[in-house]
Amino acid sequence: PYDKTVHELSFEEAYFKYCKNEFEGNYNPFGKTFRFLSTYRLIEPYKTTLVNHNEIEKVLREFLERSTDNQSVYRQVLDSGKFTADEVFYDMMLLLFAGFDTTSHAVVSALYCLHKYPDTLVELKAALKKNGILDLDPSTGPELKTLYEECDYLNYFIKETIRFDPPAIHSIMYLAKEDLTICGIPIKAGSNITMDYFMLHYNPTEWAKPLEFIPERFNPESEYFFKPNSKETRDPKSYIPFSFGIRNCAGQ
């Protein structure tokens with residue numbers, strides 16, 4: 001039980017502790033069987049997670065209120081008068097937490113793939129050298145950004161990394177407000193619906209050798225660019241690491 005003790009944690013430590021408690025709570029048999037226990041935070045780890053959540057929110061709100069930077073995104077959106085303070089706050093927190101975990105995940109995945117697939121590393125180094133990227137100072141700013149965007153193999157590698165190990169494996173939950181049928185599957189009102197990105201990225205009807213790491217599959221001139229054993233292009237929604245439509249991920 002929560003004993004009201006306070007421990008000073010770094011942002012990273014607090015973030016992963018919070019997420020771990022929330023994850024464990026979602027799979028707690030009591031919380032799943034008796035939903036009201038989790039909804040109203042009547043059992044652990046929901047009780048502790050609620051305390052942590054409230055404390056994080058309190059600290060962040062106080063930080064934002066002390067801000068005197070009128071050019072910050074938070075202040076500009078808040079001063080526009082189009083949104084309430086709560087709406088702006090929760091959107092800022094969504095961007096902060098979603099951007100922190102997904103970005104670090106993608107970077108670590110990229111480094112892992114370079115180590116696991118040395119041929120890809122050799123190819124990428126050659127492409128970076130050919131495009132003059134290795135000869136530039138990283139502080140050159142806009143020029144380096146342009147060179148990155150023009151380096152085709154670098155973009156193929158990044159896309160394949162995110163296909164191979166997407167930062168998010170499914171979309172947010174959608175609640176069915178009424179009985180409906182999607183692709184012939186009946187869904188009862190009250191059901192939670194989510195879209196599985198992982199399954200889409202490994203769909204053998206869309207991807208040739210989906211279990212293999214092949215950056216060239218994003219090269220329009222490669223045989224892997226098409227569906228297996230055909231010249232038909234893949235479905236645009238077979239690769240959606242940032243979802244799609246008007247509610248796609250702002251972090252992309």
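## Close-up views of helix packing and aromatic rings

**View 1. Helices H6 and H7 are roughly perpendicular to each other (angles of 65 to 115 degrees count as such).** The model is predicted, so local features need pLDDT of at least 70 and side-chain atom pairs pLDDT 80 or more, while totals for chains, interfaces and linings use all residues. Residues are numbered from 1 along each chain as its sequence is written, and side-chain values use heavy atoms, with hydrogens and water left out. Helix H6 covers residues 85-116 and helix H7 residues 118-130; the angle between them is about 105°, and their axes are 5 Å apart. Axes are lines fitted to C-alpha atoms, for helices over the stretch in contact, with angles from 0 to 180 degrees between N-to-C directions. Leu-114, His-115 and Lys-116 of H6 are in contact (heavy atoms within 4.5 Å) with Pro-118, Thr-120, Leu-121 and Leu-124 of H7. The residues of this contact comprise four nonpolar, two polar and one charged. Here Ala, Val, Leu, Ile, Met, Phe, Trp, Tyr, Cys and Pro count as nonpolar, Asp, Glu, Lys and Arg as charged, and the others as polar.

**View 2. Helix H4 is roughly perpendicular to H6.** H4 spans residues 46-66, and its axis comes within 12 Å of that of H6, crossing at roughly 110°. From H4, the contact involves Ile-56, Glu-57, Leu-60, Arg-61 and Leu-64; from H6, it involves Asp-86, Phe-89, Tyr-90, Met-93 and Phe-97. Seven of these contact residues are nonpolar, three are charged and none is polar.

**View 3. H6 is also roughly perpendicular to helix H9.** H9 consists of residues 152-164; the axes of H6 and H9 are 10 Å apart, at an angle of about 105°. On the H6 side are Ala-106, Ser-109, Ala-110, Cys-113 and Leu-114, which meet Phe-157, Thr-161 and Phe-164 of H9. This contact has six nonpolar residues, two polar ones and no charged ones.

**View 4. Phe-89 and Tyr-90 form an edge-to-face pair.** Rings of Phe, Tyr and Trp (its six-membered ring) pair if their centres lie within 6.5 Å; planes under 30 degrees apart are stacked, over 60 edge-to-face, and the rest tilted. By this rule there are 11 aromatic pairs. In the pair shown, the ring centres are 5.3 Å apart and the planes lie at 70°. Tyr-90 is partly exposed, at 42% relative accessibility.

**View 5. Trp-207 and Phe-218 form a tilted aromatic pair.** Their ring centres are 5.9 Å apart, with 55° between the planes. Trp-207 and Phe-218 both lie in the segment after helix H10 (197-201), so the pair ties together parts that are 11 residues apart in sequence. Both residues are buried. The charged end of Arg-234 sits over the ring of Phe-218, at 5.5 Å from its centre.

**View 6. Six aromatic residues are linked by ring pairs into a cluster.** The members are Tyr-117, Phe-157, Phe-164, Phe-198, Tyr-202 and Phe-213.

Technical notes. Helix = DSSP H or I, 4+ residues; strand = E, 2+ residues; numbered from the N terminus. Parallel < 35°, antiparallel > 145°, perpendicular 65-115°, else oblique. Buried < 20%, exposed > 50% of the residue type's maximum accessible area, 1.4 Å probe, protein only. Lys NZ or Arg CZ within 6 Å of the ring centre and 35° of its normal.
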